[in-house]
Amino acid sequence: MSLETITSGHGETQQSVPSHRYRIARRWQLVSLPIAGLVLLPLLVIFSGWLHPESEIWRHLAETILADLVVNTIILLLGVMFGVLFLGVSLAWLTSMCRFPGQRFFDWALMLPLALPAYVLAFVFLGLLDFSGPVQGQLRTWFGPSFWFPAVRSTGGVIVVMVLVLYPYVYMLARSAFLTQGRGTLDAARILGLGPWATFFRVTLPMARPAIVAGTSLALMETLADFGTVAIFNYDTFTTAIYKAWFGLFNLQAASQLASLLLLFVALTLFSERRLRGRARYDENTRGGRPARIVLNGRNAWLATLFAGLIFSFAFLFPLIQLAFWSWEIITEDLDKRYLTLVANTVTLGISAAFVTIIGAMLLAFARRYSRNTITRSATTIGTLGYALPGSVLAVGIMLTFTGIDNFLQSVLRGFGVDVAGPILTGTIAALLLAYLVRFLAVAFGPIDSSLERIRSSLPEAARSLGAKPVMVLRRVYLPLLSPGILSAMLLVTVDVMKEMPATLLLRPFGWDTLAVRIYEMTSEGEWERAALPAITLVLAGLLPVILLVIRSSKSTTVAASTKATQ
Amino acid sequence: MSKLKFVTLLVISTTFVIPAVQAADEIVVYSARKEHLIKPLFDAYTDKTGVNIRYVTDKAGPLLARLKAEGSNTPADILMTVDAGNLWQAAQLGVLDSIDSAILQQNIPASLRDPENRWFGLSVRARTIVYSTERVKEGELSTYEALADPAWKGRLCLRTSKKVYNQSLVAMMISRLGEQKTSNVVSGWVANLAVPPFSNDTRTMQAIISGQCDVAIVNTYYFGRLLKKNPDIKLSLFWPNQKDSGVHVNISGAGVTTYAKHREQAIMLLEWLSSEEAQGLFASLNMEYPANPAVANDAVVAAWGDFKADDTNVAKAGELQKQAVMLMDRSGYR
């Protein structure tokens, strides 16, 4: 038992029964290892690219494009970071702490952009706003051919599109953090003389830090891993070099080496953020239930509505209208009864993967809570790295792992005289679900871990000392308090899996086509307008979990509030 | 908790792990050519012969990595992909096997198949010059190289060098003109660009229509698609290099995998795909050109006129692709 855990104030019980605590810590550490191992295997496969030195390609990249790519990537990351922080936090604060016209609608509607794949939004944006698009064309006929319009295929353009697609990660996580913030703390701040702004910046915001950081790191990891969106803008980032090495120079090894650098960068960043957070604790006195909403009046109220409305329109409504328009043109040609199967496959995969991934993430989050040693910490950090890799690279890493296991299993079975023709694991749904787990563990871990951090350890301890069995504590204490986090995780993973393309393409069983596969088929040869139909179907299917979340979260806040009231 | 996890995994594994059983009368295809361009052909073949065809689609890179990793365990009998570079790379990796078929050799011209018969082109795609009929006179155009001339300053649009079509074009130019001359041409192109390179051919042509530039290099079927949607566009195709090498062509094609479980069936399918019966449909589904010279062009495509195509073996595009990519990086062609 480290000094840190003791001083971090887990109550008196632990000092009286250190050996019991130690056993629990050990047990959780053991749980975290296999989960991290699942993620680690494909990562190791990618790192093994270093076994073959590719000095020629490195020299070439270093002499030509690498410096530009690194600068581009950093600019993109900074732009996206400020953008998603600003949009995500301000919108979450408005919809969860204030009252203004349309607030109830925007509360859930602002999550909807999640259902749009980033590259689809990018394509729609360029289609509408670029020089040859209808908007600029119309402006030129009105105001003359030299009418000025900001460059759309530019650094600014990529950042805007990425921010509009990725802000929901911050929005959702900050929202559930704000929603579970207790009235007591805020009242105390106000009584001590802080104004509403000071309360926001000095109490509300710092208390929500784990959630906001988790959301932002998801957005940034996705930015780092993105290839589709930047490719549409022809904006070269680090992933450009990875794909150039692989597809252009036919060198998967060099691509793995580049990808592993990306991973190292993310691992170091995540690790230092957790170090910076240090011993700060975010659990909270939740006495007093939900704080009263700040009622916005007059001009402020309409400004809030205008702000939320603009973001909603640009991130979701306008793109959706454009997609609907395109779909309408081809609906008679392309819509057939296969779409039912496609939707069913997509939703089944999304929900099953979310289920598996959330169990994995919860185990990992509990392990981190109860066993705060270096091994468990490293295990949790590793467990969340899969999200930072470009999809295709990770998909190949996973595929190589599975085929490796298959080849091993087959040689074992052959030893027993059983000859199995063809792969065992590869090409099964189970393998695909594991792949999703590896890729999206971070997405589920973020919201769950940040809600777990907000639960005071005295609560479950009190329950235990009153004689509740662990399962009971889980069901009656943890699950209700974690439910906003779990629901966010559920939604994020379901929608992300539904949008996921590279792993689905590479590992799906024969005939298990999804909507994302359909989008790929259309876009791979540039038929973007025809991709509108599967894209819009994907958005509609993605609405299902959002609606589910909205219904459940309004219920669960009541449950959580009543649990708190009985404390 | 771990018990819960165990039970969950158990339930999932029993419901979801469906063993991949293979029937005897069945061919498995890994395809980087998209589904709606191959399915009609596969359906026709199944109707005709009763042989079932199963396929997965993906990008060429991941499919190749998968074939290589699966080794002798692979369920795939055929690898089908676009671009000669990918087929060349597949042959290099040893995942395609040489096949001895008189029919394929007769149907597919020598420049469109592997010299060692590991892959065969099934459709031809021409990458040519497209120009604005309002601002360019046909007489101004001659070759790909001439677009590097300062006369085109601020008038040229290009698609990104990251697209394999441009990598093949430059690779073939290297084989024809050598590294130094090609490098001058590419630098000249970059200097003439009106706007930064586009991410696809359609956008590139729309830039000409909207007046951003006057001339570009595109695959003909993208032009065909645009024309189909709007027959009044002020664009026209130009066939360059007619006095020397001819128009740059690439292929989509296929080969039989090294560890094919249904090798004979797979060869028969490829033979059928190269036949006059299938070739018309194979090409016209995407407004491409048939690889089999005995098959007439689709009426839409024929209307764009005849041209002399580059008859250097397309395998060269794969061989020199790396060199081409590096050359374009050095020339600042993004």
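Residues are numbered from 1 along each chain as its sequence is written, and chains are lettered from A and ligands numbered from 1 in the order in which they are written.

Within chain A, confidence is lowest in helix α1 (residues 3–7), with a mean of 34, and highest in helix α5 (residues 66–97), at 96. Helices (H or I, at least four residues) and strands (E, at least two) are DSSP runs, numbered from the N terminus. The pLDDT is below 50 over residues 1–16 of chain A, a stretch with 19 contacts in the model beyond near neighbours in sequence; two residues are in contact if their C-beta atoms, placed from the backbone, lie within 7 Å. Residues 558–567 of chain A also have a pLDDT below 50, and this stretch has twelve contacts beyond near neighbours in sequence. Where pLDDT is low, the predicted coordinates should not be read in detail.

The contact between the two chains takes 49 residues from chain A and 49 residues from chain B. On the side of chain A that touches chain B, the elements giving two or more residues include α17 (338–370) and α20 (429–452) of chain A, and α19(A) gives the most, with nine residues. By class, this side of chain A has 27 nonpolar, 15 polar and seven charged residues. Ala, Val, Leu, Ile, Met, Phe, Trp, Tyr, Cys and Pro count as nonpolar, Asp, Glu, Lys and Arg as charged, and the others, Gly among them, as polar.

Chain B contains 14 helices and nine strands. Its radius of gyration, taken over C-alpha atoms, is 22 Å, close to the 20 Å that the globule rule (2.2 Å times the number of residues to the power 0.38) gives for 334 residues, so chain B is as compact as a globular protein of that length. Of the 334 residues of chain B, 52% count as buried, that is, with 20 or more other C-beta atoms within 10 Å of their own C-beta atom, placed from the backbone.

Chain B is divided into domain 1 (26–123 + 249–296) and domain 2 (125–248 + 316–330), with bounds from an automatic or database domain assignment. The C-alpha centres of these domains of chain B lie 28 Å apart. In chain B, 14 residues of domain 1 are in contact with 15 residues of domain 2. The largest share of the domain 1 side, five residues, comes from α4(B).

The largest nonpolar core has 280 residues, of which A:Ala174, A:Val493, B:Leu79 and B:Ala216 touch the most other members. Such a core is a set of buried Ala, Val, Leu, Ile, Met, Phe, Trp, Tyr and Cys residues joined through C-beta atoms within 7 Å. Leaving aside neighbours within four places in sequence, B:Leu79 is in contact with residues including B:Tyr30, B:Leu63 and B:Ala254.

B:Asn241, in the loop between β7 (235–238) and β8 of chain B, has a positive phi near 55 degrees. B:Asn241 counts as buried because it has 22 C-beta neighbours inside 10 Å.

Technical notes. This is a predicted model: local features need pLDDT of at least 70, side-chain atom pairs count only at pLDDT 80 or more; totals for chains, interfaces and linings use all residues. A residue is buried if 20 or more other C-beta atoms lie within 10 Å of its own, exposed if 12 or fewer, and partly exposed in between; C-beta atoms are placed from the backbone. pLDDT is the predictor's confidence in each residue, from 0 to 100.
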